[in-house]
Amino acid sequence: MIMKLFKSILVSGLVIAAFSAVSCSKWLDVNTDPENPTLDAAEYQLELAHCEFYTNSATQFAAWRTGMAMGDWTRYNGGGNYWNVSYWYPVDGQVTTPYQWFFVGAGPTLKDLYTKAMAAENWHYAGVAQALLAYGYMLMTDLYGEMPYEDGLSQNALPVYSTGKTIYLGCFDQLDEAIELLQKPIDVSLPPLSVGDFWNNGDTGKWLKLCYLLKARWINKLNKKGAGSYLEGKYDESTILECLSKAMQSNADNTVINHTDDNGTTHDFLGWDEPVDYSPLYSVCGMNAGYMVTKMLYDNLTDFDGLGVEDPRADHLIPWARSVKGADTPAEIKWSDDGLWRRSLGVDMLSNINSEGGPLRAAWDSKANHFYIDSDNNLRLGDTVYVECTSESKGYAAKKDLLYRRGGANVDASAESGSFYSRVSSPTYVGTYMEACFIKAEVLFNKNDKAGAYAAYKEGIKAAIELMNDKLKVWVSEDPTLAACPSFTPMSEIDIQYFLANGIGTAADITLGRIMTQKRLALQFSVENWNDMRRYDFNKNIFLGWDIPAYHFKVAAAEKAIPAGKAYRRWRQCSHEYNYNSKNLIAIGLEVPGADNSLDNWNRADDAWTIPVWWDSDQK
């Protein structure tokens with residue numbers, strides 16, 4: 001990690017990110033002398049948006065990478081690290097970016113922001129800084145387990161590691177301090193929180209609700225630790241419910257980052273050189289080729305738990321392509337009413353499709369004006385049924401709309417819709433009412449309160465649908481032509497109410513599997529999906545339709561990384577740690593159950609990916 005070096009990098013290259021962050025295009029505007037930037041010179045209120053941007057990007061990049069391994073998405077055959085991960089072959093190439101974007105992009109500046117804000121008695125900035133530090137460090141321990149925490153942002157060039165428990169309890173302390181600080185009044189002469197805050201636009205009430213949601217979320221992960229106080233690292237059921245009563249009570253309370261397609265002049269400073277105002281998921285998915293829905297996600301959206309009713313969100317999560325309906329079109333493909341759009345089918349990861357060379361990306365034949373598969377493998381010729389979730393942008397890429405056209409900018413017949421969460425202006429749901437509802441439903445179900453659990457479960461689904469519909473309405477109001485594509489057409493109230501009445505079950509037949517599977521549908525591309533699967537040990541009765549992909553057992557390297565009988569439970573540390581801080585990384589292994597300390601470096605073991613992080617274990 002070399003935190004001292006990271007701080008010097010930050011000072012020389014990143015702290016020019018002092019900002020006036022009222023509009024997205026100014027999130028990272030330069031406000032200090034670009035010839036001589038220093039951390040000391042940055043005003044604390046102008047540091048916050050920088051920290052929010054990098055903290056969210058770290059989280060979203062992690063969410064995409066963990067999400068690829070949890071069964072909802074895959075990529076075309078041979079499609080690099082993310083295709084590998086989708087069949088449970090984790091590789092080192094996936095583990096670095098979230099680490100860098102938090103520890104380089106956010107961490108040191110957050111520490112500086114907190115110190116300056118406390119000195120100025122601007123409790124609101126200090127509270128948000130502590131909340132973000134806790135949020136970022138909790139992400140790090142979710143991903144990697146152990147991490148330099150107490151020593152992590154110090155001047156020590158070789159910081160010592162902390163255990164997962166130390167990090168976890170430390171994050172609770174920081175979050176509790178944030179809650180206390182956000183409730184304190186500040187002098188009216190001080191910069192208001194709205195100057196630098198683009199997550200909640202300076203609304204301390206929303207920040208408090210977010211803190212209480214995070215607290216409930218984190219305590220809920222301790223279900224393997226036994227009952228007791230969360231302050232002692234135990235599962236604290238009563239505190240979860242108390243926190244939820246102070247968290248979001250409707251969608252109006254949500255913390256949502258509304259990304260834009262403005263292509264602002266300010267770009268990130270960590271080498272990607274991309275606009276800071278667009279969605280991070282567009283960066284890693286929407287603008288890239290070949291990401292496809294799996295049969296697991298397809299089935300959960302079109303026939304949830306065999307109830308025979310399609311979810312109105314299905315059209316918006318499953319990608320569509322322009323096409324012409326023919327006599328030989330597979331009957332299971334859904335078409336738009338006008339016959340101009342067809343919806344993707346799902347890639348069956350439990351079949352032999354990967355072993356048989358698929359799925360392949362469809363190509364575009366500009367002469368015949370249709371999609372086709374460019375392959376001599378006859379088994380693959382039908383892969384045109386899989387529509388990738390690539391999308392386009394008006395601001396960033398200067399295209400005509402949000403539809404990606406495989407045949408070129410003016411070839412409407414080759415258009416693809418993308419998916420709801422991977423577009424340039426897709427929202428990031430940092431903390432939401434729907435998540436609060438699903439946590440409550442889970443807790444009440446486990447207390448055998450089925451009526452209460454069902455009420456919270458249904459309310460969570462309703463909130464998720466309404467939240468998605470709000471964004472769909474924005475997209476078609478900005479560009480009415482998009483409404484012709486079923487992926488953008490807002491959901492009708494009739495369809496919503498029919499699904500809620502007939503497609504989710506009843507209080508009498510509510511199951512934990514229905515609760516947790518609907519939660520993952522609502523929280524698409526969230527690290528919480530991996531967290532939930534780990535803490536419930538990848539139980540196939542709880543995560544409906546899931547199983548380890550068939551191809552995993554055909555690839556020797558995949559089976560070495562996650563051997564039979566084990567599961568995907570952590571990331572190995574990135575190369576910066578084992579190259580430059582290996583002594584301390586090796587030392588912490590003595591406190592990690594399951595670590596093979598007979599090796600030169602326990603964290604480099606082939607199957608280190610299977611060692612549970614602290615909260616996922618029975619470790620005290």
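How many nonpolar, polar and charged residues does the lining of the second largest cavity have? The legend to Figure 2 gives the answer. The structure is a predicted model, in which local features need pLDDT of at least 70 and side-chain atom pairs count only at pLDDT 80 or more, while totals for chains, interfaces and linings use all residues. Residues are numbered from 1 along each chain as its sequence is written, and side-chain values use heavy atoms, with hydrogens and water left out.

**Figure 1. Lining of the largest cavity.** The structure holds seven cavities of 30 Å³ or more (a cavity is a set of points, on a 1 Å grid over the protein atoms alone, where a 1.4 Å probe fits but cannot get out; lining residues have an atom within 4 Å of a point). Of its 27 lining residues, Thr59, Tyr135, Arg217, Tyr429 and Ser526 lie nearest the centre. Helices H2 (48-68), H6 (123-144), H8 (204-220), H13 (433-446) and H17 (527-535), together with strand S10 (428-431), each supply at least two residues of this lining (helices, H or I of at least four residues, and strands, E of at least two, are DSSP runs numbered from the N terminus). The lining divides into 15 nonpolar, eight polar and four charged residues (Ala, Val, Leu, Ile, Met, Phe, Trp, Tyr, Cys and Pro count as nonpolar, Asp, Glu, Lys and Arg as charged, and the others, Gly among them, as polar).

**Figure 2. Lining of the second largest cavity.** This cavity holds about 70 Å³ of space. Its lining has seven nonpolar, two polar and two charged residues. Among the lining residues are Phe53, Trp101, Asp268, Trp272, Glu274 and Tyr278. Both H2 and helix H10 (280-286) supply at least two residues, and H2 gives the largest share, three residues.

**Figure 3. Aromatic pairs.** The count comes to 42 aromatic pairs (ring centres of Phe, Tyr and Trp, the last by its six-membered ring, within 6.5 Å; planes under 30 degrees apart count as stacked, over 60 as edge-to-face and the rest as tilted). The rings of Tyr168 and Trp614 are tilted, with centres 5.4 Å apart and planes at 55°. Tyr168 belongs to helix H7 (residues 164-182) and Trp614 to the segment after helix H20 (582-588), so this pair ties together parts 446 residues apart in sequence. Trp364 and Phe371 form an edge-to-face pair, at 4.9 Å centre to centre and 75° between the planes. Both Tyr168 and Trp614 are buried, as are Trp364 and Phe371 (buried means under 20% relative accessible area, exposed over 50% and partly exposed in between, with a 1.4 Å probe and protein chains only).

**Figure 4. Charges over aromatic rings.** A charge sits over a ring if NZ of Lys or CZ of Arg is within 6 Å of the ring centre and within 35 degrees of the ring normal. The charged end of Lys184 sits over the ring of Trp123, 3.8 Å from its centre. Arg423 lies over the face of Phe488, 3.9 Å from the ring centre. Phe488 is one of the members of an aromatic cluster that also includes Trp64, Tyr291, Tyr429 and Trp475.

**Figure 5. Cysteines without disulfides.** The count comes to zero disulfides (pairs of cysteine sulfur atoms within 2.5 Å). The sulfur of Cys211 is 10 Å from the closest cysteine sulfur, in Cys243, too far for a bond. Cys389 is likewise in no disulfide, with the nearest cysteine sulfur, that of Cys285, 3.2 Å away. Cys211 is buried at 1% relative accessible area, and Cys389 is buried at 1% relative accessibility.

Key:
On a 1 Å grid over the protein atoms alone, a cavity is a set of points where a 1.4 Å probe fits but cannot get out, and a pocket is an open set with protein on both sides within 12 Å along at least five of seven lines; lining residues have an atom within 4 Å of a point. Grid points are joined across faces, edges and corners, and a volume is the space filled by probe spheres set on the points.
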